[in-house]
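Biologist: Could you walk me through this model before I look at it in detail? I would like to start with the overall picture and then go into particular places.

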Amino acid sequence: MSFNDIFKSNFLENVTSVSILDMAIAIVLAFGLGMFIFLVYKKTYSGVMYSSSFGTTLVALTMITTVVILAVTSNVVLSLGMVGALSIVRFRTAIKEPLDIAFLFWSIAVGIVLAAGMIPLAVIGSVVIGVILLVFVNRKASKNPYIVVLQCENYETEKKALAELTNHTERCVVKSKTARKEQVELNLEVRLKDENTDFVNALANMQGVQSAVLVSYNGDYMG
């Protein structure tokens, strides 16, 4: 029997449809797991501006994926049409945080697994992934890094400022240095010995130091 003969026969009429109860259970579970993914995203978000719409998108994406896979598994012709329709979809929104990609794939994977009927895998897998993300993303470093921006008049002032900074910090590493006429600008990563930041005032009051700025650094760094 050729491929064309399959579609000419009564094959499509014999395809088992998804029952109403199965659809209801899959959609309800998709909503519940989507909300769980949303809560984990909310607890682990560490960006600058939190977007509630992205969290809502995770819930909707889980449910939409479940509905799509349920439709694909119940009808051969519909599955072929769905492949063609989805192939022309283009997503233009830029992903600002790398971790957001993991949440998007998590939502899609949960929707696919639920629609395939592997409910224990979807539930247990989501719980394990959520716990791992909560543990690792919310893990705090023992010493938070800071960035110190110094503007000095000359090299002699730079050496004195670095010596003063080294005495009051646990670690001091030069990240960048810009030298101009009668001005040297330094960007340094430091680890404080305690929460006392009075050394910044002392640096600013040193002869030859034009300014001293202390900034909390939340970017990626090697511990």
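Modeller: This is a predicted model, and in its protein chain residues 24 or more positions apart account for 73% of the contacts with a separation of 6 or more.

Biologist: How many helices and strands are there, and in what order do the elements run?

Modeller: The protein chain has eight helices and four strands, and from the N terminus on the order is α-α-α-α-α-α-β-α-β-β-α-β.

Biologist: What share of the residues is buried?

Modeller: Of the 223 residues in the protein chain, 28% are buried, while the accessible surface comes to about 14,700 Å², with 62% of that area belonging to carbon and sulfur atoms.

Biologist: Which residues touch the most other members in the largest nonpolar core?

Modeller: That core has 17 residues, and those touching the most other members are Leu 150, Leu 165, Leu 188, Val 190 and Leu 203. The elements that give two or more residues to this core are β1 (145–152), α7 (155–168), β3 (183–192), α8 (198–204) and β4 (209–216), and β3 gives the most, with five residues.

Biologist: And what does Leu 203 touch, leaving out residues up to four places away in sequence?

Modeller: On that count Leu 203 touches Leu 150, Ala 161, Glu 164, Leu 165, Val 209 and Ala 212.

Biologist: Switching to the surface, which residues make the nonpolar patch?

Modeller: The patch covers about 950 Å² and is made by Leu 21, Ile 25, Ile 119, Val 123, Ile 124, Val 127, Val 128, Val 131, Ile 132, Val 135 and Phe 136. Two or more of these residues come from each of α2 (20–44) and α6 (119–137), and α6 gives the most to the patch, with nine residues.

Notes. Residues numbered from 1 in each chain as written. Predicted model: local features only at pLDDT ≥ 70, side-chain atom pairs only at ≥ 80, totals over all residues. Heavy atoms only, no water. Patch = residues over 30% accessible without salt bridge, like charges linked within 9 Å, V, L, I, M, F, W, Y side chains within 5 Å. Areas by Shrake-Rupley, 256 points an atom, 1.4 Å probe, with all protein chains shown as cover. Salt bridge = Lys/Arg side-chain N within 4 Å of Asp/Glu carboxyl O. Core = buried A, V, L, I, M, F, W, Y, C linked by side-chain atoms within 4.5 Å. Buried < 20%, exposed > 50% of the residue type's maximum accessible area, 1.4 Å probe, protein only. Contact = heavy atoms within 4.5 Å.
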